[in-house]
Amino acid sequence: MKTLNNLNQLLSRVKTIFGRNRKATPAASTPLEAEPPTGIASVSDPRLSAAFADIEKYLADNYGTPVAKLRYQDYTNGVTLTSEDATFAVSLVILTATNGAAHLPDNVLLLGGVTSTNDVKWLAAELKKFTNLLMQLCPKHRIQHLAFAFDKTESDDPHIVKEADVTCIRLY
């Protein structure tokens with residue numbers, strides 16, 4: 001049950017990041033707090049760090065995504081990577097514990113969201129390339145499953161996901 005709660009928190013964080021209002025708040029009204037590290041160094045598993053480093057390189061090489069636009073969060077049952085780049089923003093989760101949301105096994109790379117300021121045709125072509133990259137990286141980093149989350153709601157706002165359906169592919 002604890003694993004399920006951790007995974008739900010993990011997926012909730014991914015949805016929150018993509019669903020939040022991106023307007024800047026004045027610095028005077030924001031209290032200064034020491035935030036936990038959000039860089040790749042915060043990922044405790046070296047195998048996952050290596051996988052995310054490859055993804056980071058791909059995002060930088062193909063879209064110019066700076067490291068400052070990437071946020072990592074290490075959980076007891078996985079790690080999230082969220083890109084806040086306007087050109088090609090992704091939300092990824094690598095699960096390291098069994099029986100999470102949608103009864104996914106461990107060792108799963110979940111693509112939970114992709115957004116862009118570019119048009120839909122461009123995004124579709126880039127998503128195909130990115131999916132191919134993920135399929136190549138999974139065996140390289142011993143990740144057995146690639147999963148995709150699909151929005152089941154009919155919302156006018158693409159940033160709001162109330163219910164998702166997950167499809168999982170076993171790669172090897």
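Hi everyone, let's start with a pair of helices. Helix α2, residues 46-63, and helix α3, residues 120-140, have axes that come within 11 Å and cross at roughly 150 degrees. Angles over 145 degrees count as roughly antiparallel, so α2 is roughly antiparallel to α3. The crossing of these two helices, α2 and α3, is right-handed. Please keep in mind that this is a predicted model.

Why did I quote both an angle and a distance? Because two packed helices are described by the angle between their axes and the distance between the axes.

Now, which residues meet where α2 and α3 touch? On the α2 side, look for Ala 51, Asp 54, Ile 55, Tyr 58, Leu 59 and Tyr 63. Their partners in α3 are Trp 122, Glu 126, Lys 129, Phe 130, Leu 133, Leu 134, Leu 137 and Lys 140. Sorted by class, the contact of α2 with α3 has 10 nonpolar residues, four charged ones and no polar ones.

Let's step back to the whole chain. How many helices and strands does the chain have? There are three helices and six strands. If you walk along the sequence, the pattern reads α-α-β-β-β-β-α-β-β.

What about contacts across the sequence? Taking contacts between residues at least 6 apart in sequence, 56% join residues at least 24 apart.

The chain has 172 residues, and 37% of them count as buried. The chain exposes about 9900 Å², and carbon and sulfur atoms supply 54% of that area.

Note on methods. Residues numbered from 1 in each chain as written. Predicted model: local features only at pLDDT ≥ 70, side-chain atom pairs only at ≥ 80, totals over all residues. Heavy atoms only, no water. Axes fitted to C-alpha atoms, helices over the stretch in contact; angles between N-to-C directions. Helix = DSSP H or I, 4+ residues; strand = E, 2+ residues; numbered from the N terminus. Parallel < 35°, antiparallel > 145°, perpendicular 65-115°, else oblique. Left-handed = near helix turned anticlockwise from the far one by under 90°. Contact = heavy atoms within 4.5 Å. Nonpolar A, V, L, I, M, F, W, Y, C, P; charged D, E, K, R; others polar. Buried < 20%, exposed > 50% of the residue type's maximum accessible area, 1.4 Å probe, protein only. Areas by Shrake-Rupley, 256 points an atom, 1.4 Å probe, with all protein chains shown as cover.
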